[in-house]
Structure formats: structure tokens, C-alpha cells
Amino acid sequence: MLLLSRLIGHKLTALVILLGLGIGLLIVPLLTGHLGANPLEKLLHQSGQIAIWLLVAVLALTPLRVLFSKSPLVAALNRHRRWIGVAACIYGVLHFACHVLYEGDPAAILKSFSKPFIWFGLAGLTLLIVLALTSNNWSMRKLGGRTWKRLHRLAYVAAALLLWHQTIAGKGHWHDSRWLIFPLIALELARVLKPRLFPKSPASSPQKV
């Protein structure tokens, strides 16, 4: 387990997995002609799916860290929180680029803005871009730790917007969204309830001198 944790916690592992998602699900199918009858529509769907799954994954890491505080595997995964968040933003931008290409011309793009799910997606993506641009030590120092943390709690708002964007984007999309929404809610509830149901014994708390 220790060896696996070290492997997962390595930056190169995270880089390979995050790039591998794009290569395996977008680039290889594109180059080999396995994107079906409408490749652009498939790329649009796949890039959006990768973005939202990565965003939910990064949000799930916090409750997992609280629930399994002694797990080296969870600790190793938590080292990649920033990278996963930035990758979610990059795939989100790619998703938006695919949308622009899919619509094809300025008139069609403007017409697409009449649909509410587009606005939910744009609002969520804008927040993701702000968070990605400030996911670095320089921004943390400039903003201060407390302000930086408050700013990055907007990830939950971005997730709510983007999950709703996904849910109302088309028929049957709720079937995808529910596999993200319910587990995330369950993890967050468990995180909140754990200290109440299993309070730390006084013996385990650090003694004040």
C-alpha cells in the first residue's frame, strides 16, 4: 500500500493520467475515426464529461481526506487537487471550443445563447477559469490564505452550475448527472456528520501546555 501511495502521489502519475484521459478519450478516437457519425458532437460530449468528472473528483477529495484521514492513498490523491482542478478547467475550455465549432457560424452561436443550459455552463466555466488562474502559490501569497480559501470555495458553486448545465442540456443527461451528484452529496454529508457521530476522545486530543 505504501508503494502504491507513493506511486499515486507522484506528480508524473497525475500528469500521465490527466493527459491520458484526453489522449485516450479524445485524440486517439479522433485519429482512428472512432467518434461515430458526428465526430465533433462526440468530442463536445466527451470533453464535457471529462471536465465535470474531474471537477467532482477534486471536490470529493476533501471529504475523503476527512473520512479517511489515516489513509496514505487518500493523502496521495489529495496532493494532486490543484492539478485535477486545473485539468477540469482545461477540458471545460476545450468543451466550449467544441461547442463553438459545432455551432459553426456566429449566428448559430448567438442563437445557442437563448438556451438556459448554455448560460449555466458559461457561468460555471468562468468560475473554473478564475480558480485555475489562481491555483498557484503566488496567488495564495498575494490574496492571503484565508481569502484564497474563500475564493476557492467557489468550486462548489461552479460544480452546482455545471451539473445543472449537464442535467438540462438534453434528454437522458440526468442519468449521467445522478452518478455524480448523489455520491458527492453523500460524501459531504458524511464529512459533516463524522465529527458529531464519532467525536474525538479527550485522550486523542493534543494537550494544551
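Reader: What pattern does the chain follow along the sequence?
Author: Reading along, you get α-α-α-α-α-α-α-α-α-α-α. That comes to 11 helices and 0 strands, where helices (H or I, at least four residues) and strands (E, at least two) are DSSP runs numbered from the N terminus. This is a predicted model, where local features need pLDDT of at least 70 and side-chain atom pairs count only at pLDDT 80 or more, while totals for chains, interfaces and linings use all residues. Residues are numbered from 1 along each chain as its sequence is written, and side-chain values use heavy atoms, with hydrogens and water left out.

Reader: Which residues lie nearest its centre?
Author: Leu44, His95, Phe117, His165 and Ala169, out of 28 lining residues. H3 gives the largest share of that lining, with 8 residues.

Reader: And what's the lining made of?
Author: There are 13 nonpolar, 12 polar and 3 charged residues. Ala, Val, Leu, Ile, Met, Phe, Trp, Tyr, Cys and Pro count as nonpolar, Asp, Glu, Lys and Arg as charged, and the others, Gly among them, as polar.

Reader: How about the second largest pocket, how much space there?
Author: About 610 Å³. Of its 22 lining residues, Thr62, Arg81, Trp148, His152 and Arg153 are closest to the centre. That lining divides into 12 nonpolar, 4 polar and 6 charged.

Reader: Switching topic: at what angle do H3 and H11 cross?
Author: Roughly 15°, with their axes coming within 9 Å. Axes are lines fitted to C-alpha atoms over the stretch in contact, and angles run from 0 to 180 degrees between N-to-C directions. So H3 is roughly parallel to H11, a label for angles under 35 degrees.

Reader: Which residues make the contact?
Author: Among them are Trp53, Leu59 and Thr62 of H3, and Leu180, Leu187 and Arg191 of H11. Contact means heavy atoms within 4.5 Å. Thr62 also came up at the second largest pocket, as one of the residues closest to its centre. Across the H3 and H11 contact, the residues divide into 13 nonpolar, 3 polar and 4 charged.

Note on methods. On a 1 Å grid over the protein atoms alone, a cavity is a set of points where a 1.4 Å probe fits but cannot get out, and a pocket is an open set with protein on both sides within 12 Å along at least five of seven lines; lining residues have an atom within 4 Å of a point. Grid points are joined across faces, edges and corners, and a volume is the space filled by probe spheres set on the points. Angles under 35 degrees count as roughly parallel, over 145 as roughly antiparallel, 65 to 115 as roughly perpendicular and the rest as oblique.
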